[in-house]
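Student: Could we go through the structure with the residue numbering and the cut-offs stated as we go?

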Amino acid sequence: RLPPWLIGTIGGVGLIAFSDPPRNFGGGEISEGIINGIQEIEQSDCRVFILASDTPGYFIAHWSLQGIVDSMAAIEAAGNQTPTPRGPRGAGIFERVGDSPLVSIAANNGQAWGGGAELSWGCDLRIAAESATYGQPEVALGIPPGAGACTRLARLIGPTKCLEMILDGRPISAQEALQLGAINKVVPDDELREAAIAWAAHIAQWPGFA
């Protein structure tokens, strides 16, 4: 088990690769590592950073269910009152990614569901491997998406398709996500990392003030 870690910076590009096998469940450790990586990259001469997974087949499978369990337990303890929609524990990472002055790119190498998809929606740009999938399955747990699918995804693909993804609960392929406008590029699986870095380097060459 490896914590998230920063793989250097070169040519104006920073790469944050994270790994928590076997399925990369999102949570405090990955959040902390990504946030620390962003802070380090922002102090360099980089203009673009990439979020990528070193766990084969999984970007972030979904956010850790423990935070959801804790929230539901708190609701029960409060008398089963109607819950206020909340993001997963460590939700500050989604805002941190989106608020960075640098351009952010999510490179999805596999499953990105729930909070994993929402981490992608929080980035400025998205590139995916052909085998990658995206999904908002929270409805099956009896909760709404709480970290950006109801807002950021709606801005990307419009409220009609966004509502369909949320209420249907089934994942979509990378090609479907591309057709909807949720992501920008789809590339062969074995070219994802190289393509993401090349794209980031192309963007990073332009004047920073622009």
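Student: Is Asn 24 buried or exposed, and what is its relative accessible area?
Tutor: This is a predicted model, where local features need pLDDT of at least 70, side-chain atom pairs count only at pLDDT 80 or more, and totals for chains, interfaces and linings use all residues. Residues are numbered from 1 along each chain as its sequence is written, and side-chain values use heavy atoms, with hydrogens and water left out. Buried means under 20% relative accessible area, exposed over 50%, and partly exposed in between, with a 1.4 Å probe and protein chains only. Asn 24 is buried, at 0%.

Student: What is phi of Asn 24, and where does the residue sit?
Tutor: Most residues other than glycine have a negative phi. Asn 24 has a positive one. The residue is in the loop between E2 and H1, where helices (H or I, at least four residues) and strands (E, at least two) are DSSP runs numbered from the N terminus.

Student: Which form, cis or trans, does the peptide bond from Pro 21 to Pro 22 take?
Tutor: Pro 22 lies in the loop between E2 and H1. Most peptide bonds are trans. The bond from Pro 21 to Pro 22 has omega near 15 degrees, and is cis.

Student: What span should H1 have, and how far apart are its end C-alpha atoms?
Tutor: The expected span of a helix is 1.5 Å times one less than its number of residues. H1 has 15 residues and should therefore span 21 Å. The end C-alpha atoms of H1 agree with this, being apart by 21 Å.

Student: Within what arc do the buried residues of H1 fall?
Tutor: The buried residues of H1 are Ile 30, Ser 31, Gly 33, Ile 34, Gly 37, Ile 38 and Ile 41. They line one face of the helix, because seen down the axis they fall within an arc of 165 degrees; the arc is that of the directions from the helix axis to the C-beta atoms. On the other side of H1, Gly 28 and Glu 32 are exposed. The arc asked for is 165 degrees.

Student: How far is the C-alpha atom of Ala 129 from that of Val 187?
Tutor: Ala 129 is in strand E7 (residues 125-129) and counts as buried at 1% relative accessibility. Not counting residues up to four places away in sequence, Ala 129 touches residues including Val 186, Val 187 and Leu 192. Ala 129 and Val 187 are 58 residues apart along the chain, yet their C-alpha atoms are separated by 5.1 Å.

Student: Over what arc do the buried residues of H3 lie?
Tutor: In H3 (residues 92-99), Ile 93, Phe 94 and Val 97 are buried. They are on the same side of H3, because their arc is only 105 degrees.

Definitions and conventions. Contact means heavy atoms within 4.5 Å.
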